[in-house]
Structure formats: structure tokens, C-alpha cells
Amino acid sequence: MPENSVATSPASTGTNTSLNSPTPGVPKKFSTFGGVFTPSILTILGVIMFMRAGFVVGHAGIFTALMVLGLSKLISILTSFSISAIATNTDVKGGGAYFLISRTLGPEFGGTIGITLFLAQTLSVPFYILGFTEALVRTADSIPFIPSLQPYFFHITSTVLLALFIVTLKGAGWAIRVQYVIMALLALSILAFMGGAALNFDAGLFQENLRPFEGTTFSFWALFAIYFPAVTGIMAGVNMSGNLKNPSRAIPLGTFAAIGVGLVIYAAQILLTGGAIERADLIDAPYDSLVSVAPFYTGFLVTIGVFCATLSSGLGSLLGAPRILQSLGQDRLLKPANFFAALNRDGEPRRALCLTFLISALVLWFARGGSEGGALNMVASLVTMLFLWTYGITNLAAFVESFSRNPSFRPRFKYFHWLPALIGAVASFGVSFLVDAPAALLATLFVVGLFVYVRRFVLEASFGDARRGFYYTRTKDHLFTLAQLPLHSKNWRPTIVVLSGNPNSRLALVKYADWLGSGRGIVTLAVMKVGQLQNMAEERTITLESLKEFTKEHKIRAFPEVLVTPDFDLGLNQFLQCTSIGPVKPNVVMLGWPGDPQRAVGFSRALKTASILNMSTVLFYDKGKPFIKPQKKGRIDIWWRGKRNGSLMVILAYLMTLNNEWAGTKIRILRVVQNAAEKSSAYEDMRLLIDSARMDIAIETILSEKPFPELLIDYSRDASVVFMGFRTPEEEEATQFIAKTGEMLKELPVTLLVCSTGEADLLS
């Protein structure tokens, strides 16, 4: 795989650079061991191992503590499979998990998880500093000639944060060198307390500590929340993605190696300390008990170890968090984050680092009175919640990529399947609610709020994502399922082809088609151009793009299509036959009223073609007036002459009223009767029909000797829109039909003439 780097500007080359010969603006590059394994394992073997592991073992018992460890590691392992699959399927740059998810689920999810992960990593900084300071205070209290440091708790945390900040300002190269020294000291510390525990192992004590503490007030999930930060170190290596020589190889190898080593050490710690340290000491003094169990006066190594573990973890988080924010700013998704996109001449995200420092300082100020351990537990729970959501969305991203069978998803990491990713996502989200349901609900609202904010203010994103593949697969599967289901009038929905011509001059026609679809159906906006395709290919492309812009500008929910045909009638015939996606075929053709009498025969043929293809027809008549938005609380008149056309007219009118623009509009059915005796029965028949249709529609029966055109004007002149039925004319009748109907409608508002196939049944 090619080596990658974080670009600092459009002119950034991304050229690799060695550790000792920095190029201005280009990050230094590290190997799997230095760039992934080292920061990951140092974050994993951190504050929890020294300050809270014994506490969990004491309350939960050895067996339950192993279950806590197992569940924690299971989630991290499943997430690591997902990370490895995504990391080996794309050209990985800076930003860690943010980069991976934004390129998979898109900029909205990427921006959301980017901010969430940045906060999780940033909160980890004060979390580890609090752990260090608590250990330092306890160590000082155990030495008789050293005064208590508890009054200086906040001063210590602030000083440590400033020191880590200065080290990080020197750059990732400096920090990595420091971490090598820390890792060596940490290894000696672990050997000291593990060796002491092995020498003092007592089978009887092990048996006693195997069961949970009877007087514990901590539930399994409360202990899980405290312990879970022990496995969140996998993101420390992933977040260094922009500083890796070969991220596609380094991320899977380094992450799994760190998880494996961490699992062995934590499991050994639970088993050995559970058999060597009294339960009371595990609960009340988990750190002190590790110091006391170390043999041959090596307890000082444990003290050095806890200092190294907490400081190195804090350093790793202080390295990772700014790189997430810098990558988010570099993608220019959110204006507030753009400021943090800059790198200094050494390729370091200094602006983002300063923000991380300020947030960490603020958290430490709020936790300034937490020398008794409560602040550490509280921050641990917050870190757990944020990381669980980060892991959940990471697994969701991998699941979407794999399950959608996206052809571009070809990870070099071959040990991946979508099922573990789905389990990992469900486990992460589910466990967050089991740990603390109110906090998880708040986290849900926070993440959803972030998503809405990012989606609203998202700028242009130049990278692709996997959602299209996921939707494509789901759409394909649903289409095949739909094709197997029998047609029924109860499931009738309008699938409309509207022949718009130039839509800019026929906006009303297109808007009414959109209203009839009302989000319940599908509208295709079709333009027919007469000519030869080889001569009009460029014009067709321009027209199609213009149609797309037209629908976007006017917020019309329609799919544009352009057909170039040597003959309009032939082209329409072929277009109506072929336009479909599997079982989703047009069932309504909508045309504007022909203004040219010379088009009467072609118009008639179009209607006949629709009839042959079993498509209902809607003719739109508006006298060519400019489009005017409908007034709310208007009225739709339906002239009823029979159930066949009447059912479709009522359904379409009802669909129109579901649009916001037509909110409050009333529907009225008008029926003309020949005599007084018929009037009463006609009204009752209509009332029963509308009642069965479950609609609130006014009914009016008309007894009059006036000609129908006069009644039409008398009753519907003030309506917002009028529906009428019609019969498809023969070719020889077309000219007379257009002239006679046009004369009848000229004093009416917008009129929709409907000829139904009978598929739409009002009683379904």
C-alpha cells in the first residue's frame, strides 16, 4: 500500500518523511510498533490496571471480573475487526476512526463520530491525569515524613497537564520516544506486582474471592462502566493513522497485538491478585495492595509503573484527540472546525492541541475536589459512554459496507464478516443503556443532535461513502420481494409519468403532479426531444442536468428523464412501455392540455397508448396562466359521474390535501341528478360510499334543468381546483373533444380531467 500523510493544504504532497529529517507541513511517519502497538498498549495498560482493577475484582469476585473483562474485550475485538476491514479497504489518511467512518457512512455520520470521538479522547486526558494524581497523593500519604498532598490536588493535576502539553508541543516524534522509555518501566512494574502475587498466591483466598462481595452496592454494569476504559486504548493507535508508514498494515496488526497482550495481562492480574490479596484491600486500597504485594522491596517499581501508565495514556490521548479535530477541519465539513485544520511546519495540529488542552483544564478544574476517587469514577463513566457509542458507530460502518455487498468493499483483511460487526454495534449500543439508561439516553440525544447539526451545516464533501451501496442492495432486495406479491387495489399508489415539455414554462403541471404523488407515490418528470441521439447526445445531457436543477430549485420530488426520439408518438409509445424498475411501473400518465389543435391526433394516440398499457390518464388544464400557490382552506370540487373515474378522483384529491400547501382544504363531491325522486337516494348512496371510504368529504346533489357546462361554472367557479372524469376520444373525435372541452373549462380554475383504469378502488 502507498504511504499516506495528512495534507496541510491543497498543495500538500503527502510525501513520506523520516523521523530525523522533517519536511515542513508533513507529519512524521512511524512503524506498526511505534505508531500503533506502543500508544495502544500504553493506553490499555493504564490507570484502570493500577487504580481500579482490584476494586472491580473485590466487588465482583474473580469469576464476574473475568466476565467484565471478557465482555469489554469482546466489544473491543469486534470493533477491531471492523476497523481492520475498513482500514484495509481505503487509502487511510489522518483522523483515525473519524476518517474511516466518514468515508463509509458519509459526512454526516463522519462529522458526528468525529466530534464524539474527539470529546472521548479529550476527556481521557483529565481521566488519566486524575488517576496519576490520585496515585501520587496515596503514595505521599503512605510515607510518614512527607506531608499530605491532598490540599494540592488541583495544583498537581494542572501542573501535570501543562507538562504533557509541553511534551506534545514538541511533536509526535518526541512523544513516541518518551513512550518507549515509559513502556520499559511499565513492563518492570507489571513484572513486580505479578511476580509478587504469584509468590503469595493462596488457593483458599482465591476460592474466597471467587464469588462476588455480598455487601457490594455496585451492579455488574456499574463495575463494567468503571472497568471499560481499560480496553479503549485501541483508538490511540488508530488515531495516529496520518503518522503511519503503512496504515493498512499497521492498524490491524498493531491493534490486535495490543489487544492480545492486554487481554493476557489483565486476565493474569485478576487471577493472581484474586488469590494473593484480601478482598478488603482490593476494594479499599487497590493501588496500595499492588505496591505491598511486590517482592524484594520492588514496590517502588509499581509506583513508577502507575505514574508511567497514567502519564503515557494521557500523553497518547493528548496526541490522538487533536488529530481527529484537525482531520475534521481539513475535510471542511463544519465551519467551526475549519479553524483547526492547519498544521504547523512540523506537521503537528497545534491549534487543535490547544483546544484539547483548554477542555482538559476545564474538566480538571471541575474535578478539583476529587482526591477521594469519586471524580475518577465519574469521568470513567463519561469516557465509557462516549467510547461505547464510538465503537457502535464504527461497527455499524463496517456492517453497512459488508452487508450492502458494495463492489468497492474489498478489504485486504480477510477475517471479517458483517455478522460480528452487527453484533458489535448492537452490543455497544445495548451495553450503554444497561450501564446507565438515563446517561445513554442523553448520549443518544447528544449524538442525534450532533447528527442533525452536522447534516444541516455540512458543506461540500468530496469523498464517497457506502450508504449508496447499502441503499442499492436494500432497494434491489425489496424490488424482488415486491415482484412476488400480488397486486391489490388496497395497495394502490400513484406512479406518475408527467410529460412536462419545458418545465420552466409548465411549472403548474409539474407541481400538481408532485402534489398528486404527495410522497406516497413516485413521479417521473419526462421530456421528449425529437431528433437523432447521435446528434443530440450533448443536448440531452444538458437538458437532464437542467431538469435536476429544476426539481431541486422548486423542491419537487420527481425523477427526471430525457428521451431523444426520431418520432414523438413512437417515442412516447416506447417510453411508456419500458419505463419501470421491475414491479414499479407507471400507472398514471399526466399531460398538459394541448394548446395546438394540430396536435389533436397525436394527443389522442398518447391517450390511447396509455389506455392500452392499462395506465390511468390525468389531463391538466390551467389556461396557460402563471403558476399561483394555492390558498389554504380552499376547496376541491369533484364532479361525480360514476365510481370508475370517481374513485381515482377522490383518492387523488385526498392525496393533494396531505401536502402542507393544501392543508385545511375541503373536498366536495357534486352529483347531478335528473329528478327529485333520484336526489334523495343519490345522496344516500354517496354518503354510504364516502363513509365506507373513511373520509371527511362534503356531498351535494344537484337537481337542475340547466346544461351541465352552466352548472359547472355556477358551482365550481370559486373552487381551488376541479376534478372531472372523461372518456378517451377516438382519433376522429379528438379535435372536437379538445375544442368542446376547452370551451367548457375556460371559466374554471385549474381542472384535472381523469380517465381511470379502475385499479384504484375507493373502498379498499
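Predicted model: local features only at pLDDT ≥ 70, side-chain atom pairs only at ≥ 80, totals over all residues.
1. Aromatic pairs, starting with Phe50 and Phe193. The structure has 32 aromatic pairs. In one of them, the rings of Phe50 and Phe193 sit edge-to-face, with 5.9 Å from centre to centre and 75° between the planes. Phe50 belongs to helix H2 (residues 47-51) and Phe193 to helix H7 (residues 172-199), so this pair ties together parts that are 143 residues apart in sequence. Both Phe50 and Phe193 are buried.

2. Trp593 and Tyr621. Here the ring centres are 5.7 Å apart and the planes are at 85°, which is over the 60 degrees needed, so this pair is edge-to-face too. Trp593 is in the loop between strand E4 (588-592) and helix H24 (600-612), while Tyr621 is in strand E5 (residues 616-621), 28 residues apart. Trp593 counts as buried because its relative accessibility is 15%, and the cut-off is under 20%. Tyr621 is buried as well, with a relative accessible area of 8%.

3. Phe220, Trp221, Phe224, Phe228, Phe387 and Tyr391 make up one aromatic cluster.

4. Helix H16. This helix covers residues 350-366, 17 residues in total, and spans 25 Å from first C-alpha to last, close to the expected 24 Å. Its buried residues are Ala352, Leu353, Thr356, Phe357, Ser360, Val363 and Leu364. Looking down the axis of H16, these fall within an arc of 145°, so they line one face of the helix. The cover over them includes helix H5 (107-141), helix H6 (153-169) and helix H14 (299-330). On the face turned away from the buried side you'll find Leu358 and Phe366, both exposed.

5. The nonpolar cores. The largest one has 133 residues, and the members touching the most others are Leu45, Met49, Phe50, Phe127, Phe193, Tyr227 and Tyr266. Helix H17 (residues 374-403) gives the largest share of this core, at 16 residues. Setting aside residues up to four places away in sequence, Tyr266 touches Ile44, Leu45, Gly46, Ile48, Met49, Leu69, Tyr227 and Ala230.

6. Thr303. This threonine is found in helix H14. Thr303 is buried, at 13% relative accessible area. Its contacts, leaving aside neighbours within four places in sequence, are Thr139, Tyr287 and Val291.

7. Most residues other than glycine have a negative phi. Phe296, though not a glycine, has a positive phi of about 55°. You'll find Phe296 in the loop between helix H13 (286-293) and H14, and with a relative accessible area of 69% it is exposed. Lys555 isn't a glycine either, and its phi is positive at about 55°. Lys555 lies in the loop between helix H22 (533-553) and strand E3 (559-565). With a relative accessible area of 72%, Lys555 is exposed.

Technical notes. Residues numbered from 1 in each chain as written. Heavy atoms only, no water. Phe/Tyr/Trp six-rings, centres within 6.5 Å; stacked < 30°, edge-to-face > 60°. Helix = DSSP H or I, 4+ residues; strand = E, 2+ residues; numbered from the N terminus. Buried < 20%, exposed > 50% of the residue type's maximum accessible area, 1.4 Å probe, protein only. Expected span 1.5 Å × (residues − 1). Arc of directions from axis to C-beta. Contact = heavy atoms within 4.5 Å. Core = buried A, V, L, I, M, F, W, Y, C linked by side-chain atoms within 4.5 Å.
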